[in-house]
Amino acid sequence: MQDFTFVNKTEVHFGQNRIDHELADVMARYGKRVLLTYGGGSIKKSGLYDRVMKQLADFDVIELDGIAPNPKIDSVRAGQKLAVDNDVDVILAVGGGSVIDASKMIASAKFYAGDPWDLVLKPSLRMDIDQLPIVDIVTLSATGTEMNYGSVISNPETNQKLGSKGPNSPAVSFLDPTLAYSVSKWQTAAGSIDIMSHLFEQYFDNAANKDVQDGVKEGIMRAVIKWAPIALAEPDNYDARANLMWGATMALNGITGVGNENVWTVHPIEHELSAYYDITHGVGLGILTPRWMNYVLSAETAPKFAQYGRNVWHLTGDDDMEVAKTAIQKTYDWIKDLGVPTTLPGVGIENDEHFDAMAQAAVDVNKLDQKAYVKLQPADVVKIYEASMTTDGFE
Ligand code: NZQ
Ligand code: ZN
């Protein structure tokens, strides 16, 4: 286990309807002028917008709506202008990861005189400037952004989608599982796959003997595998939504990643797909993950994949390679049964025209050739994209 320092100051308010009697008091801690950020309208449809506005009756509210999935830098630019022009005190982000991620960047951009895309390209710039506090109400279980330092912003002009780390996690996050009742099957599946991928990225790692972290991750994986199909079948099953919501937060609030010795692999490979084709992040991960697993499986990695098979899928048998292969097939089957496409043509990516450029960018952004769990050259990443074109290799 590597040395680590762990700090996470996000205050979590978990449970049903707590916003209706706690939000105003929480917001009052940070000031009067609120930038309310949200997405394409789901919060109006669900009635959440009205509930929030009721709590904000005594505040000056400035709104930034229309933050799109795979949030674009233009939304951050618009938010920066609103935050500066109105000298806001605090951001209230209501939505999924895209809304919260854009809000994190706006929180920095208020105190930056230039174009916020600079902050995405060079996150160190954010470390020396002030930040607006963020309160959020998360409505989709997936990214863990409600309790972490990351945000991922896209620039369609340059075909870039880049993750970066800021100085703060949200000040306060409201996690109300009932708010996820209205999440579509597609986004429920995608979010659940995203949670699993966050766990895989931290589980398949080169630092050995992290039994504490591995056990926590295996437990969250078992919960997601169990509850995601239930949430699909019964969208308003509280226990299913609650386990997925807390599972998402726990999978990426830092606890499960401490002591690690790797960089993430499948995420940068997926971020290229989203950058070029604007596909849903979790669906892209679901296509790539089993192919990546197959590609990196070897005599050397088989014991870890077998550990995953035994502890997460309850597989038995002494032959690590056999158990590992079955675990990968089980992973593929679980994703397929969630009802999302399992190949790139299934999400409209019909040819390999960008594979070389995407592979090179994925390797460069995270130094996959030097630091990944299994080191990958651009040619290896192209093979993973190619394997994702068909169902070959899976039953
Ligand atoms: O925009 P609205 O109308 O709100 O609709 C959204 C959006 O269309 C809808 N939705 C959200 N909550 C809903 C709902 N619909 C009905 N009922 C609800 N309660 O779902 C759609 C997708 O929303 P989005 O915020 O894009 O989804 P998600 O939370 O999966 O976030 C994905 C983004 O986060 C990034 C991804 O790359 C992607 O850009 N990530 C952020 C991470 C982080 N900050 O730590 C880590 C992740 O690995 C990930 O990369
Ligand atoms: Zn993710």
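Okay, let me start with one residue: His267 is buried, at 5% relative accessible area. Keep in mind that this is a predicted model.

So what does His267 do here? Its NE2 is one of the protein donors of the zinc ion, ligand 2. If you like sequence patterns, the spacing reads D-x3-H-x68-H-x13-H. Asp194 sits in helix H8, residues 185-203, and His267 in helix H11, residues 266-277, so that pair ties together distant parts of the chain, 73 residues apart. Asp194 is buried too, because its relative accessibility is 2%, under the 20% cut-off.

Now, ligand 1. Which residues come nearest? Out of 31 around it, Gly40, Gly97, Ser98, Lys161 and His198.

For polar contacts, a side-chain atom of Ser42 is 2.7 Å from a ligand 1 oxygen, and one of Thr139 is 2.7 Å from a ligand 1 nitrogen. On its own, ligand 1 would expose 960 Å², and the protein buries 88% of that.

What is the shell made of? Eight nonpolar, 20 polar and three charged residues. Helices H5 (97-109), H8 and H11 and strand S6 (150-155) each give at least two of the shell residues.

Note on methods. Residues are numbered from 1 along each chain as its sequence is written. Chains are lettered from A and ligands numbered from 1 in the order in which they are written. This is a predicted model: local features need pLDDT of at least 70, side-chain atom pairs count only at pLDDT 80 or more; totals for chains, interfaces and linings use all residues. Side-chain values use heavy atoms; hydrogens and water are left out. Donors are N, O and S atoms within 2.8 Å of the metal (3.2 Å for Na, K and Ca); water is not among the atoms, so sites may look incomplete. Helices (H or I, at least four residues) and strands (E, at least two) are DSSP runs, numbered from the N terminus. Buried means under 20% relative accessible area, exposed over 50%, partly exposed in between (1.4 Å probe, protein chains only). A residue is near a molecule or strand if one of its heavy atoms lies within 4 Å of it. A polar contact is a pair of N or O atoms within 3.5 Å; within protein, one must be able to donate a hydrogen and the other to accept it, and residues adjacent in sequence count only if both atoms are side-chain atoms. Accessible areas come from the Shrake-Rupley method with a 1.4 Å probe; for residues, only the protein chains shown count as cover. Ala, Val, Leu, Ile, Met, Phe, Trp, Tyr, Cys and Pro count as nonpolar, Asp, Glu, Lys and Arg as charged, and the others, Gly among them, as polar.
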